[in-house]
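Subject: Structure handover, with notes

Dear colleague,

I am passing on the structure we spoke about, and below it you will find my notes on what it contains. Please read them with the model open beside you.

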Amino acid sequence: MKRYLITGASRGIGRAIAEKLAAPGVTLLLHGRDTVALAETRKAVEAHCLKVIPLIHDLATSAGVSNLIAEVGAEPIDLLVNNAGVSIVKPFGEITQTEWEQTVGVNITAPFMLTQHFAPRMPPGSSVVNILSIAAKTAFANWSAYCMSKFALEGFSQSAREELRERKIRVINIYPAATDTNIWSKVEGDWPREKMISPNDVASAVAYALSRRADVALENITLSSLTGNL
């Protein structure tokens, strides 16, 4: 039996990954904050896998991360997908302390704490998947907090990869361009969502990387639209 933990699985990329990885013999531990949306994800995948365990926690706080870890339990996991994320889009001078702390908590501290806790207990052949962004490589005006968080996670994941390599645990980084998720409904502006890549495109890349032999590491995958990044 395999156990896969996916954060931010309520909708968008996280839900698409859960749907793509659901399989007989797999227990999906699906994290989210939206109880209703997470229940919909569960309904979509539970017929295709061994078991689904919903985990309702706020990863913006250290207590939320600790409570998630406790609920997952002591049994090792075979896959950690750090997908949960928040984005604050406004000039850096207008970002509030609360918005800053939430961004750091969800986008940096939570992946760090989860990887720090679960990786030492993961068996050889396991994987850590970080859903980063092209914003981990390229800066955009009004996205300073988001870009900062993704640049930080990029640095951590590269270091963690080298530390985990000798234990035969893969660290796979995914760098999607703008992806058509509900995040854009909360961002001011006229965004060409019809030109964006889909959550399923990202999930397919994750599934492909994980399907390689255990001694093959497809470590960095960038996904872009032919029409541009934004």
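A residue is called buried here if its relative accessible area is under 20%, exposed if it is over 50%, and partly exposed in between, using a 1.4 Å probe and protein chains only. By that scale Lys168 is exposed, because its relative accessible area is 58%.

Before going further, please note that this is a predicted model, in which local features need pLDDT of at least 70 and side-chain atom pairs count only at pLDDT 80 or more, while totals for chains, interfaces and linings use all residues. Residues are numbered from 1 along each chain as its sequence is written, and side-chain values use heavy atoms, with hydrogens and water left out.

The sheet

Helices (H or I, at least four residues) and strands (E, at least two) are DSSP runs, numbered from the N terminus, and two strands are said to pair if DSSP finds at least two bridges between them. On these terms, seven strands form an open sheet with parallel pairing, in the order 3-2-1-4-5-6-7. Strand 3 (51-56) and strand 7 (220-223) are its edge strands, each pairing on one side only. Neighbouring strands are turned by 15° against each other on average, direction ignored; here axes are lines fitted to C-alpha atoms, for helices over the stretch in contact, and angles run from 0 to 180 degrees between N-to-C directions.

Strand 1 (residues 2-6) has four of its five residues buried, so it is largely enclosed by the rest of the structure. Five bridges join strand 1 to the parallel strand 2 (residues 26-32), with Lys2 opposite Val26 and Tyr4 opposite Leu28. Three bridges join strand 1 to strand 4 (residues 79-82), again in parallel, and there Ile6 has Val81 as its bridge partner.

Strand 5 (127-131) is mostly covered, with five of its five residues buried. Ser127, Val129 and Ile131 point one way from this strand, whereas Val128 and Asn130 point the other way. Strand 5 pairs in the parallel sense with strand 4 over four bridges, and with strand 6 over five bridges, where Ser127 stands opposite Arg170.

Crossovers and helices

A crossover is right-handed if, with the strands pointing away from the viewer, the path from the first strand over the helix to the second runs clockwise. Strand 1, helix 1 (residues 12-21) and strand 2 make a right-handed β-α-β unit, as do strand 4, helix 4 (residues 97-118) and strand 5. The crossover from strand 5 through helix 5 to strand 6 is also right-handed.

Contact, below, means heavy atoms within 4.5 Å. Helix 5 (residues 144-165) packs on the sheet, touching strand 5, strand 6 (170-176) and strand 7, and its direction makes about 155° with that of strand 6. Helix 3 (residues 62-72) lies across strand 1, strand 2 and strand 3, and runs at about 155° to strand 3.

The cores

A nonpolar core is a set of buried Ala, Val, Leu, Ile, Met, Phe, Trp, Tyr and Cys residues joined through side-chain atoms within 4.5 Å. The largest one has 31 residues, of which Ile6, Ile17, Leu28, Leu30, Val129, Ile131 and Ile174 touch the most other members. Helix 6 (residues 199-211) gives the largest share of this core, six residues. A second, separate core of 22 residues includes Val65, Val106, Ala119 and Ile169.

Individual residues

Asn82 lies in strand 4 and counts as buried, because its relative accessibility is 3%. Its bridge partner in strand 5 is Asn130, and a polar contact of 3.3 Å joins the side chains of Asn82 and Thr115. Such a contact is a pair of N or O atoms within 3.5 Å; within protein, one must be able to donate a hydrogen and the other to accept it, and residues adjacent in sequence count only if both atoms are side-chain atoms.

Most residues other than glycine have a negative phi. Asn142, in the loop between strand 5 and helix 5, has a positive phi near 75° and is partly exposed, at 40% relative accessibility. Lys168, in the loop between helix 5 and strand 6, also has a positive phi, of about 60°.

With best wishes
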